Amino acid sequence: MQGKRIVLGIGGGIAAYKTPALVRQLVAAGMDVIPVMTESANHFVTTTVLTTFSGHRVRNDLWDLEAERSMGHIELARWADTLLIAPATANLIARLANGLSNDLLTTLYLATTAPTVVAPAMNLEMWNHSATKRNIGVLETDGVSIIGPDYGEQACGETGPGRMLEIEDIVSHLLVTTDPIDTPMTGLRVLVTAGPTRESIDPVRYITNSSSGKQGYAIAEAARDAGAIVTLVSGPVALPPPKGVQQINIISAAEMKSAVLDIANDIDIMFGVAAVADYRPTHSEPHKIKKMYRNGSPMSIELVENDDILASVAALSDPPYLVGFAAETQSLVKNAVQKRERKCLDAIVVNDVSDHTIGFDSDENEVTLLHAHGETTFDKSPKAEIASKLVAAISELYTSNRT
Ligand code: PMT
């Protein structure tokens, strides 16, 4: 939205060095940004660069009489259409959650009635600590939107959840959530799996299937457009990464399971669209298997069952709302109902994969959504349309499930 007024609160974490670029992109998207720094943020970014990019004097002191004369902190709190806090350190999150107002930024948080969006950034152990989880829970209960953190390599050298969400994702979140269109998944964290998995036989051969990823990617995009913070765990496909979506690429079912379980505790809704291989070779040969001249005698590969990813997520103590997909060729509804129960899913979407104009590697699909209270069929249409309808239906089910 043009002219939207953002107070950008900057906490004292290493990710603060990215805030000049964030200010530039917010301004380029038509927003008016006043940066407010905590004292420790001064260690990571200068007021000069933030002033240059925002066109506003940076505020960093509750007792700055000159700045207070031009716009007092209460006026600043009223000026904001959104208070965006990025990066939000563990310490800053704790102060916000406890209503401490011992500097300008935490005072603004209490004084503003504008929606507050918080982008956490910290070491993964700090993010996983029960105290941080508790504080995040308090902020969410207080109506704050938590966006991120991302999963990936951290400044401390470790890999896991805790990186500040990419700047493009923060900007697109603000754009989407300020768009007048209905955004039923605003602030929700959605995980989508998509594409096939590959189970290695030797370095050049594998077992896989013909999932193109089209349906899963369309769901990730529809959830993003509905305001969600989306993570896409994708098997090997030929599609470009969707913009504004955090993507984790994997190859095998075991890698998909590990990527999913790493973040599943921080997710509100999961769509399991991936065609995960049910079996893998018991053993993957380290070298290419040589052709043997066997005179027609059969050769066999021993297979072992892969863990069921959705069932593993369902077994967590506080699982997300779980939506599975069922690829069936007969008795679609009957088989899907059984699959939903067996895997302890909230909902399941069944498609007929014996029809080559829908399902695997086609541009269209026709699906039936089944849940505890009934079923809805979405007639044959492009996968993007099916995805928008499913996202709308699931956000309604998710909301009614919580109330
Ligand atoms: O990718 P496209 O070409 O667009 O095709 C879309 C699709 C046909 C792949 C998609 O619409 C679909 O049906 N996805 C589910 C495919 C599948 O593996 O179905 P299933 O009935 O075998 O598995 C049921 C559910 O369990 C799925 O949500 C699957 O992700 C999940 N699963 C399966 C095995 C396993 N080890 N772990 C799982 O979590």
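What we are looking at is a predicted model, in which local features need pLDDT of at least 70, side-chain atom pairs count only at pLDDT 80 or more, and totals for chains, interfaces and linings use all residues. Residues are numbered from 1 along each chain as its sequence is written, and side-chain values use heavy atoms, with hydrogens and water left out.

Let me start with the ligand. There are 27 residues around it, of which S211, S212, G272, K339 and N351 come nearest, where being near means having a heavy atom within 4 Å. Among the polar contacts, which are pairs of N or O atoms within 3.5 Å, a polar backbone atom of A274 is 2.6 Å from an oxygen atom of the ligand, a polar backbone atom of Q215 is 2.8 Å from an oxygen atom of the ligand, and a backbone N or O atom of I309 lies 3.0 Å from a ligand nitrogen. On its own the ligand has 780 Å² of accessible area, and the protein covers 96% of that, by the Shrake-Rupley method with a 1.4 Å probe. Strand 16 gives the most to the shell, with four residues; strands here are DSSP runs of E with at least two residues, and helices are runs of H or I with at least four.

Now to the salt bridges, each a side-chain nitrogen of Lys or Arg within 4 Å of a carboxyl oxygen of Asp or Glu. The whole structure has 14 of them. K214 pairs with D363 at 2.9 Å, N to O, and because K214 lies in helix 10 while D363 sits in the loop between strand 17 and strand 18, this pair ties together parts 149 residues apart in sequence. K214 also forms a salt bridge with D361, with the closest N and O atoms 3.9 Å apart.

Finally, two individual residues. H371, in strand 18, is buried at 16%, and, leaving aside neighbours within four places in sequence, H371 is in contact with R340, D346, A347 and L397, contact being heavy atoms within 4.5 Å. F44, by comparison, is partly exposed at 31% relative accessibility, and lies in the loop between strand 2 and helix 2.

Definitions and conventions
Buried means under 20% relative accessible area, exposed over 50%, partly exposed in between (1.4 Å probe, protein chains only). A polar contact is a pair of N or O atoms within 3.5 Å; within protein, one must be able to donate a hydrogen and the other to accept it, and residues adjacent in sequence count only if both atoms are side-chain atoms.
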